[in-house]
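Welcome! Please take a moment with the sequence and the 3D view, and then we can walk through a few parts together.

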2 protein chains.
Amino acid sequence: MPDPTTDTPSPSSNSPGKDDPLAFFARLKPHLARLDTFLHEQLLEFEPEVRELAAYCIDASGKRIRPALVFFSGWQGDDTVSEDHVRLAAVIEMVHLATLVHDDIMDGATLRRGRPTATEKFGPDTAVLLGDALFAHALHVAAQFPTTAVCRGVSRSTRRVCTGEIMQTLAGENTHRDTAYYRRVIELKTAELFHISCQLGAALAGHPAELADAAGRFGRHLGTAYQIYDDLADFFGDENRIGKTLGTDLASNKATLPLLLLQQRLPTAEADALRHEMATGNTANIRLRIRQMADLRVFADVMAAIEEEIHSAETALAPLGDIESTRLLRQLAAVLKAQAARLRSASS
Amino acid sequence: MPDPTTDTPSPSSNSPGKDDPLAFFARLKPHLARLDTFLHEQLLEFEPEVRELAAYCIDASGKRIRPALVFFSGWQGDDTVSEDHVRLAAVIEMVHLATLVHDDIMDGATLRRGRPTATEKFGPDTAVLLGDALFAHALHVAAQFPTTAVCRGVSRSTRRVCTGEIMQTLAGENTHRDTAYYRRVIELKTAELFHISCQLGAALAGHPAELADAAGRFGRHLGTAYQIYDDLADFFGDENRIGKTLGTDLASNKATLPLLLLQQRLPTAEADALRHEMATGNTANIRLRIRQMADLRVFADVMAAIEEEIHSAETALAPLGDIESTRLLRQLAAVLKAQAARLRSASS
């Protein structure tokens, strides 16, 4: 998904005006600006001895997709920045940043968004603890709402995100490498935070529980679509655009949907060779594997899975009716769909 | 501190009856039994895919010192097991267990309480995520109280515990190795959870804020005494009793109070040699270092620091007046004092 704060529209994006992603994301500007201020104010809540370390992690601002979901789900007007939504967005973003700090330790990642990762800069031991401190502070901010609802939702979602990551780690070692397992992993590790962002965003705007749940279902489907898209882009993305080399999931032995489908469709000996490449992190055949994905309709079927999830997301919004939140969330889904469509052209 | 559930009284402990630690800790039996049931019920809240892993960590039941503080601070009678206190004890114990899971990764520990650590059994990547899931679930249980008070207190304390651990990790690499820094580290990494156990334990029993704060101050001083005791026992403990070899803090380059004072009092060349032993994890001279600690009054001064903290803990209880909680917490402090006194005899 484009970075709402910095991405420029791709030359292949279509009509301007109402469908212009740049104009669309510009509506978030005052909300994201207030979020940045809020996050920086939070640094003062950390004990002085670790403030600089926490600042390093919070400065590494991600794409702010989850905050965008919070704001759109609880939309109250372009110029109305709700403090409750800023606080919720900060809570969820801090949880997300904490998971990134821990992910980078496991992946041995040295760079994220052009800067050394926390584990690279401070060492893995400090990075584990720093991630923990971010988690804890996120929940502390959640506990400043008048009721326990945000704490309850965010802590449960956090546990589920970690569960998804554990399952992904375990999948590296055992035989749980089928599409059902993959679906469950991404439902937990990615779709869960999208879900809670939308559900609590709508609830904080005063929508009754059944409408907040509808927004939550939108988030879950969008998050699923987003992760499948991300896994497909790992083979069919524009290296310059996504800022990393292709095939990192093959290299790190992650059984994503494109790789699982390719394994299923290759002749046995060839599938075994692919498994061996994954287990040993050998990307010498990456161009061949990508061509096979196109030839064996892996690309087409994964794309269909993305579109199906986006369709389910749009459908889930029906109970909300014709309100501005619905329009904004639909537009966000359309942006993802357009972005996925650009992968299509890359394969042909 | 003796394990309230399994320790037998040491032969050197004095009068039986009212001061018998075994009879004293027996009063916790129904409370700790209910806590165990509650903790095992929590496993059903974890997603099925990680339930067994979570069970492994929760089964590794520690000494239950923090639960004991929760129950004593909010005492409502030997046969009255308060569900609120069971829930609070479970929250704090899960946070504590999560920190142990992460500590063991950093220390490269393979055994804890006679069983392989989580990092040894499941690998460090899974252990990081499993600790995260335990943290998250602890906060989820905290969010089931009717108000946000427990979430607020526990999340803040958790952040402070992590901060103390970060400072300890950083101290391994830099020059912040003086007694003021040490005091700050143990105030955060150990005394903080003792503090919140007592403060929230008293608050949940209906004590007004100023009395809950008094109980919290008791906890902070007792936790400080406990950590200093633990650091002294690393050199003067009974290896059979504490179940580990002496000098592990020297071997792992932890600048504890006994080591800091010894560095200060040794002639420069000898102090440099000690620093080198710490930096390289060389324990060949451990018997010499222990003898020097006794000769240079390091042992005596560290013992005095423990006794001073225990005295401050007892004094902090004054506002609570003559209630059963006061008597129980005083007795707990006395148990620690007696245990420290047994170290004294080991040095002479």
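Is B:I166 buried or exposed?

## A residue in helix 8

B:I166 is buried, because 27 other C-beta atoms lie within 10 Å; a residue counts as buried with 20 or more such atoms around its own and as exposed with 12 or fewer, C-beta atoms being placed from the backbone. This is a predicted model, in which local features need pLDDT of at least 70 and side-chain atom pairs pLDDT 80 or more, while totals for chains, interfaces and linings use all residues. Residues are numbered from 1 along each chain, and chains are lettered from A in the order in which they are written.

B:I166 is found in helix 8 of chain B, helices being DSSP runs (H or I) of at least four residues, numbered from the N terminus. Its contacts (C-beta atoms within 7 Å) include A:V50, A:L53 and A:T126.

## Where the chains meet

The contact takes 36 residues from chain B and 36 residues from chain A. On the side of chain B, helix 8 gives the largest share, 14 residues.

## Helices 5 and 7 of chain B

Helix 5 (residues 83-107) and helix 7 (residues 124-142) of chain B pack at an angle of about 165 degrees, with axes 8 Å apart. That makes helix 5 of chain B roughly antiparallel to helix 7 of chain B, a term for angles over 145 degrees.

Among the residues that meet here are B:V91 and B:M94 in helix 5 of chain B, and B:L134 and B:F135 in helix 7 of chain B.

Definitions and conventions: Axes fitted to C-alpha atoms, helices over the stretch in contact; angles between N-to-C directions. Helix = DSSP H or I, 4+ residues; strand = E, 2+ residues; numbered from the N terminus. Parallel < 35°, antiparallel > 145°, perpendicular 65-115°, else oblique. Contact = placed C-beta atoms within 7 Å. Lists of a residue's contacts leave out its neighbours within four places in sequence.
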